[in-house]
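I opened my notebook to work through a structure one step at a time. Here is what I looked up.

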Amino acid sequence: MAKALNDTLGVKRAIKHFDFSEPYWEGTRQKKLVIQYCRVTGKYQHFPRPVSIFTGRRRDIEWREVSGTGVVFSYTITHRGTALFRGVEPYAVVSVTLEVGVNFIANLVNCTAEELKVGLKVKPYWHPLEDGTHLFMFQPDRGAA
Amino acid sequence: MSLRDNAIVAYAETKVMEKSDRDVWVLSGEILEELLDKTGIDKSEIDGLVMAGLTGTGAANPFWAQTTADVLGLEVGFCEQVHVGGCSAAGCVARAAAAIDYGMCEVAFLLFADTHVLEDRTDHSHSYRREWTDPYGLMGPPGAFGLLSRRYEAQYGLDYRMLGKLAVTQRNHALLNENACEKLRVPITIDDYLSSRMIAEPIRLLDCVMRADGAAGLIMMSRRRAKEKGLAKNIIPIGYAERTNFKGGENLVDVTRSGHEICGQKALGAAGIGIEDVASFHPYDDFIIAIMLQLEAFGFCKPGEGVQFIRDHDFSYNGDLPLNTGGGQISAGQAACSSHNLVEAVRQLMGEAGKRQVKNTRNALVTGIGWINYGRNWGSSAALVLVPE
């Protein structure tokens, strides 16, 4: 029998944003994954920073929408959660390499422990939050070639 | 003047406590008293105070080092708090030596005192955690090391029994260390390690360090001054390097590699020894796998060969590569600003480790690991090579 992993969707999250992250959160209102891109080096970066981590300059940063599909780089099954997540263990936290070459840490839903492995193809799962933004998560991309 | 013109002339250490029954400044006073008694120096000779920034109790006080100087009645020309997380203890040795070289002080008191179980004022809210890991319930360091371990396993394979071997070796050392936290001075087996409950799978309970309270300290001065004062058992730092934010300007890195690759080469190069010459190894241990990753990064073995290296070597105090002979932090308790492994190395080189004394005291390699960054391994790496005078 497949070992169940909790989807953590019942956990109430109130997230305080840094002002330099706001374009990301604005994008999530329309379920768009918008991350930082350095126009000088042509590389993406995540998490958001006030400057390009490649050039050190603010002016080199722009925000671009990306697909949010990727492959699991690593994962951990949390058996002892943080205070907010106490009682919903076990749940999965994955680090996913997005197609644009950055790793993104998030929860994984709609997945069993048996299915979860490094290299698993995943796609976005958008979890609505009370403030109108969405929390970006992953789910298995079973249709992927 | 250079690093190796300086000497550690004395160490002091309290017993590690599950939770302190005394204030952090009482512990600091005990350390000061013991160091003065051991060295015979007068309090007025101390003109440098160097404290580790890795403190829970002092975390919210921006004047922590100055306040501590006031509480202890110290007038100093160099008052410093070193903020490289778990590299701070080794980092304090390098900075004290630099300050002595530069003439900012002549006799430095290095103080590692913390009661972060009794009173923790740590605040991580202004960090990536609040937006990028807290909303996903990633549990701080155990969660980060869970991700790191699975990635290592996917790249190289991982025999958890060999991590268990390291856990057992360190525990056996804690059994021989009266200053180790009593709660941890219970024998364990590899099976106990494997069957300990999962925290952030594959990280088990017996992979994790346990926070504890306690204090330690060192006195440093120039070798010349130590000689003038007739201090006989001196330990010389002959190589030090640290690296913060390894590959921090890249967006995707191999998380099994760390800044220890760089600072290991630099520190050993400055010391003029090869990795095969290391007589005892005192790696920072917040999680057992961090020890294995350091064996690889420092070049004891190649990347991906850590498990085989552990299988082939005996890390006990009387083995071929003595490792964390005081129990490490994982079996002695994460106390005293994570200075435990440094103080143990000094004690070993002074020949004062009693029942767990290593035979080869030609040198010791001490390391640091500090802070947890986003989706990688750790933020700072440090390496310090010590030799007896």
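My entries start with chain A and then turn to a helix of chain B.

**Entry 1: chain A, overall.** I noted that this is a predicted model. I then went through the secondary structure of chain A and found 1 helix and 8 strands. Along the sequence, the pattern reads α-β-β-β-β-β-β-β-β.

**Entry 2: chain A, size.** I looked up the extent of the C-alpha trace of chain A, and along its principal axes it spans about 50 × 35 × 25 Å. The radius of gyration of chain A is 16 Å, and this agrees with a compact globule of 145 residues, because such a globule would be near 15 Å.

**Entry 3: chain A, inside.** I checked burial next: 36% of the 145 residues in chain A are buried. I also checked contacts in chain A between residues at least 6 apart in sequence, and 56% of them join residues at least 24 apart.

**Entry 4: a helix of chain B.** I picked α1(B), residues 24-39. This helix has 16 residues and reaches 23 Å from first C-alpha to last, close to the expected 22 Å. Which residues of α1(B) are buried? I listed V24(B), L27(B), S28(B), I31(B), L32(B) and L35(B). Down the axis of α1(B), the buried residues fall within an arc of 140°, so they line one face of the helix. I recalled that an α-helix has 3.6 residues a turn, so residues three or four places apart point the same way.

**Entry 5: around α1(B).** I asked what covers the buried residues of α1(B). The cover includes β1 (6-13), α2 (64-72), β4 (107-114) and β7 (214-222) of chain B.

Conventions:
Residues are numbered from 1 along each chain as its sequence is written. Chains are lettered from A and ligands numbered from 1 in the order in which they are written. This is a predicted model: local features need pLDDT of at least 70, side-chain atom pairs count only at pLDDT 80 or more; totals for chains, interfaces and linings use all residues. Helices (H or I, at least four residues) and strands (E, at least two) are DSSP runs, numbered from the N terminus. The radius of gyration is taken over C-alpha atoms; the globule rule is 2.2 Å times the number of residues to the power 0.38. A residue is buried if 20 or more other C-beta atoms lie within 10 Å of its own, exposed if 12 or fewer, and partly exposed in between; C-beta atoms are placed from the backbone. Two residues are in contact if their C-beta atoms, placed from the backbone, lie within 7 Å. The expected span of a helix is 1.5 Å times one less than its number of residues. The arc is that of the directions from the helix axis to the C-beta atoms.
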